[in-house]
Each structure stands twice: as structure tokens, then as C-alpha cells.
Amino acid sequence: VQLQAFGGGTVQAGDSLRLSCVASGRTVRSHNLSWFRQAPGKEREFVAAVSMSGTATYYADSLKNRFIISRENANQGYLQMNSLKPEDTAVYFCAADPDWDYVSTRPTYWGQGTLVTVSS
């Protein structure tokens, strides 16, 4: 499974931004997708996950009221980020794993990150 994340940029506090994850590979339909982020000087943290069917979602508690994960089809996932704050500044990564528990903890496949910068 190959993953590419797009859509990062610089926005102001309070703005919204949508990230895209393009997934490819013969087995991509059997993989759940997730988003992680890593802020400067901090460890990578889980953001949200969506099941292979797109019907189940799971969020980090601190983000579930502002971020929405979705999956258009087997190959396309999104992370809608609303009411962005400076502390959301980070490199955002999309990831994939066939196991629902692992996709939010230790996914097997990772894409390159996309930088989101939120200015105050």
C-alpha cells in the first residue's frame, strides 16, 4: 500500500483546512486509514481513523469536536480540520493498516507528511 498526503499549508487561527490522502496498491480496499500528526519537538500522535468501508470512525478525544475523517472510496481519504488553533501546527501523516486496532496505534504503512501551519 502506498500513501500520499496532500493539502497542507499556512492558515490563520479559526480557519478550516482539508487534507487528502491518496492510497494505492492491490490490497488497499482491505485497509483502514488513519491520520497522525507530529508537532515540532513532540512525539507523533494519533488524530483519527476510518474503517475500510468508511462507516466507522475513531478520534483522539481532544480533536473529535473539530476534526472530521472520511473516506470517499478505497483510494481516497480526507481529514477536515475546523476552527484551527496554533497548537494544531504539525506535520500530518496518513497511514494504513488492515487491523482496526493497529491503524490507530501502530499502522504498517505510512505516507509522507504534509505540513500544516496555523498562525495566530
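## Disulfide

Cys21 and Cys94 form a disulfide (a pair of cysteine sulfur atoms within 2.5 Å), with their sulfur atoms 2.5 Å apart. The structure holds 1 disulfide. Cys21 lies in strand 3 and Cys94 in strand 9, so the bond ties together parts that are 73 residues apart in sequence. Strands are DSSP runs of E with at least two residues, numbered from the N terminus. The torsion about the S-S bond of Cys21 and Cys94 is about 70°, so the disulfide is right-handed. Cys21 and Cys94 are both buried; buried means under 20% relative accessible area, exposed over 50%, and partly exposed in between (1.4 Å probe, protein chains only).

## Basis of the model

The model is predicted: local features need pLDDT of at least 70, side-chain atom pairs count only at pLDDT 80 or more, and totals for chains, interfaces and linings use all residues. Residues are numbered from 1 along each chain as its sequence is written, and side-chain values use heavy atoms, with hydrogens and water left out.

## Nonpolar core

A nonpolar core is a set of buried Ala, Val, Leu, Ile, Met, Phe, Trp, Tyr and Cys residues joined through side-chain atoms within 4.5 Å. The largest one has 35 residues, of which Trp35, Leu79, Met81 and Tyr92 touch the most other members. Elements giving two or more residues to this core include strand 1 (2-6), strand 4 (32-38), strand 8 (76-81) and strand 11 (114-119).

Leaving aside residues up to four places away in sequence, Met81 touches Asp15, Ser16, Leu17, Leu19, Arg66, Phe67, Tyr92 and Val116. Contact here means heavy atoms within 4.5 Å.

## Aromatic rings

A search of the whole structure finds 4 aromatic pairs. Rings of Phe, Tyr and Trp (its six-membered ring) pair if their centres lie within 6.5 Å; planes under 30 degrees apart count as stacked, over 60 as edge-to-face and the rest as tilted. The rings of Phe93 and Trp110 have centres 6.3 Å apart and planes at 85°, so this pair is edge-to-face. Phe93 is in strand 9 and Trp110 in strand 10 (residues 109-110), 17 residues apart. Phe93 is buried at 12% relative accessible area, while Trp110 is partly exposed at 33%. Phe36, Phe46, Tyr58, Phe93 and Trp110 form one aromatic cluster.

Most residues other than glycine have a negative phi. Ser83, not a glycine, has a positive phi of about 45°. Ser83 is found in the loop between strand 8 and strand 9 and is partly exposed, at 42% relative accessibility.

Note on methods
Helices (H or I, at least four residues) and strands (E, at least two) are DSSP runs, numbered from the N terminus.
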